[in-house]
Amino acid sequence: MLKIDEKAALVVIDVQKGFDDEAWWGKRNNPSCEANIGLLLDAWESTGRPIVLVRHDSTSEGSPLRPEKSGNALKVGIEGRNHDVFVTKSVHSSFHGKPDLHGWLKARGISQLVITGIATNICCETTTRVAGDLGYDVLFTVDATHAFDRKGPDGHVVTADEFTRSTVATLDGEFARVVRTADVVAGVRERALAHA
């Protein structure tokens, strides 16, 4: 059973409407991503654990995530959810946004993070790498993230599933523990029952 700290923060990264634009991003994997994030949010809300929502305010020309575009908004099911802090960023790591996430977490004595969101191998992986280097106990909830197919400079398309496998192999045991939603939710419930 996973041990989930009473103060473990759920970090929900860039679950924004603009990522539904397949013409811009390419094909995605893991159609269960958003539903799994919803299960995690339900578990965190029901136990009063801290929730961090993160939004990417793109500065890239034409990006559907630019602040003035409708795609910048959080997706239905995420928008309007309870949260303790809302971080905006224009780079890959949630630790390089506003307000200062590291400072916010440290001020509250939070040492464990559960990472979810979009995209597996970009903003979620980058945030996880920084968090690991900062000394946090990071749980990377892989089935509550998704990636996109992407063409490399040689013209070869790397699939979303291939990116996910690479991220898992890179992060697990080095920057984080790679886990699944059901195990995290079970750990939250077990802890709640133990304190009931």
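Modeller: Cys124 counts as buried because its relative accessibility is 0%, where buried means under 20% relative accessible area, exposed over 50% and partly exposed in between (1.4 Å probe, protein chains only). Cys123 is also buried, at 6%. The model is predicted, so local features need pLDDT of at least 70 and side-chain atom pairs pLDDT 80 or more, while totals for chains, interfaces and linings use all residues. Residues are numbered from 1 along each chain as its sequence is written, and side-chain values use heavy atoms, without hydrogens and water.

The structure holds zero disulfides, a disulfide being a pair of cysteine sulfur atoms within 2.5 Å. For Cys123, the closest cysteine sulfur is that of Cys124, 7.1 Å away and therefore too far for a bond. Cys124 likewise is in no disulfide, with the sulfur of Cys123 as its nearest.

Another buried residue is His146, at 0% relative accessible area. His146 is found in strand E5, residues 137-146 (strands are DSSP runs of at least two residues, helices, H or I, of at least four, numbered from the N terminus). Leaving aside neighbours within four places in sequence, the contacts of His146 (heavy atoms within 4.5 Å) include Arg28, Cys33, Glu34, Ile118 and Thr120. Asp14 is 132 residues from His146 in sequence, yet their C-alpha atoms are 11 Å apart.
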